Amino acid sequence: MPKPSVLVAEELSPAGLALLEGDFEVRHANGADRSELLPALADVDALIVRSATQVDAEALAAAPRLKVVARAGVGLDNVDVDAATKAGVLVVNAPTSNIISAAEQAINLLLATSRNTAPAHNALINGEWKRSKYTGVEVYDKTVGIVGLGRIGALVAQRLAAFGTHIIAYDPFVQPSRAAQIGVEMVSLDELLRRSDYISIHLPKNKDTVGLIGDDALSKVKPSVRVINAARGGILDEDALYRALKEGRVAGAGIDVWASEPCTDSPLFEFESVVVAPHLGASTAEAQEKAGTQVARSVKLALSGEFVPDAVNVQGGAVAEDVKPGLPLTEKLGRIFTSLARGVADRIDIEVRGEIAAYDVKVLELAALKGVFGDVVEEAVTFVNAPLLAKERGVEVNLVTSDDHSDWRNLITVRGLMPDGQRVSVSGTLSGPRHHEKLVEINGYSMEIPVNAHMAFLSYHDRPGIVGKVGALLGEAQINIAGMQVSRDTEGGTALITLTVDSAIPDATLEAISTEIEASQTRQVDLDD
């Protein structure tokens, strides 16, 4: 029988190629050239890319035999994961390949902007000896504020500790006790902005973090602060940074990532106090080799039908067929849990009850954790690193199974105990032969409503007229309601509205609804991000 074929559409490390060449027919193409890529996809089983190849619906349609797309790196901006999932194509990446390189790049930028390395270099090679002009500052005894204490943020903190710095951090999903173990003091974002001599950003990019360090944040900092962004472009508002530098409210910056890439022209280039780089965080020989070998191993697992730990969408063959439909539902329950909790739990229990519990459901625990952390950490969350992310944040995780449940054939619950004693829970089930996903419980309130891409949860004091007010305000905003259920503990007690809508509710509309109904809690979750 012919060997399965693997198309390598961009440069891959020699070590990665060596892992593939014995078992597969390895082909090469220029992934950036669509006229070359699309025909080459016609009869391949696997595709390996980096960042230049666009794996969209058109490319997937051109590859009827394709089983796996592997991104030799962390980001997946160039891979349409939803389209791949619909086509039944596994998507994998190399989630830990560049974390050390990224952390070192942040420190490199911090040191370079402290000592004016770039402008001093340019002056000297142009024949100018300007020692006094480029006097810098020491890092020793300074306060470094880390925004996002995930795996990369923690690596930065550990390395900066050797410089004799004071490390503070903002991350609502990291417990203070865990941070204290690596010598970091957890503070609010406002306190971090006020106290820091350096601010280093290590957050994921999502609707909650885009523009987080903008005009408002930069109005609260010391004028001597230096801001480092080696995470994702757009979290630091480049226009706001320009204004702050121009007005002398920020002393300098080190920028490796940009809101729009490639970026070859920016107003920030006019400042000698700003050190810039063309997204070099993962550009080390070591990171490239790790990325190549990690995705090569994942491709081998995928094409042999084995469980693939680094899969970001669907799973391989080591999961029981009756368990597989529960994976996407459980991940969504984890995302809803995080939206409701708004912080890190001391303990998370994943409860699996009913007929499905007769199988090995350990993978559902991984799916839940993938959902819990997917929207709140900088790195890509996979089945292999999700337990590590929980451990790093001091979260105790338990899997509870029972083959008996009186109300539902199968029931999956993500339940958490928060540091303040609050309990948060969300439960779902699969219904019918097509496995329709349903939400059936939130924090003890019963319901039965399909899981939707856009959902909102409103807690309020039970009284007449609330449903009409919510509907009217959504109508004014041209938001169509797909479903609505009201649950309550007692008549006149606390009630919960669960909404499914056809599009995301604008923040201003959600705030208006919250004010109008005097909501005690308002949460929205978008599951199509």
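The structure holds 31 salt bridges, a salt bridge being a side-chain nitrogen of Lys or Arg within 4 Å of a carboxyl oxygen of Asp or Glu. Keep in mind that this is a predicted model, where local features need pLDDT of at least 70 and side-chain atom pairs count only at pLDDT 80 or more, while totals for chains, interfaces and linings use all residues. Residues are numbered from 1 along each chain as its sequence is written, and side-chain values use heavy atoms, leaving out hydrogens and water.

Let's look at a few of those pairs. Glu128 bridges to Lys130, with the closest N and O atoms 3.3 Å apart. Glu128 counts as partly exposed because its relative accessible area is 35% (buried is under 20%, exposed over 50%, partly exposed in between, using a 1.4 Å probe and protein chains only). Lys130 is partly exposed too, at 31%.

Next, Glu448 and Lys438 meet at 2.8 Å, N to O. Here Glu448 sits in strand β18 and Lys438 in strand β17, 10 residues apart; strands are DSSP runs of E, at least two residues, and helices are runs of H or I, at least four, numbered from the N terminus.

Then there's Glu516 with Lys469, at 3.9 Å, N to O. Glu516 lies in helix α17 and Lys469 in helix α16, so this pair ties together parts 47 residues apart in sequence.

Leaving aside residues up to four places away in sequence, Ser503 touches His454 and Ile479, contact meaning heavy atoms within 4.5 Å. With 29% relative accessibility, Ser503 is partly exposed.
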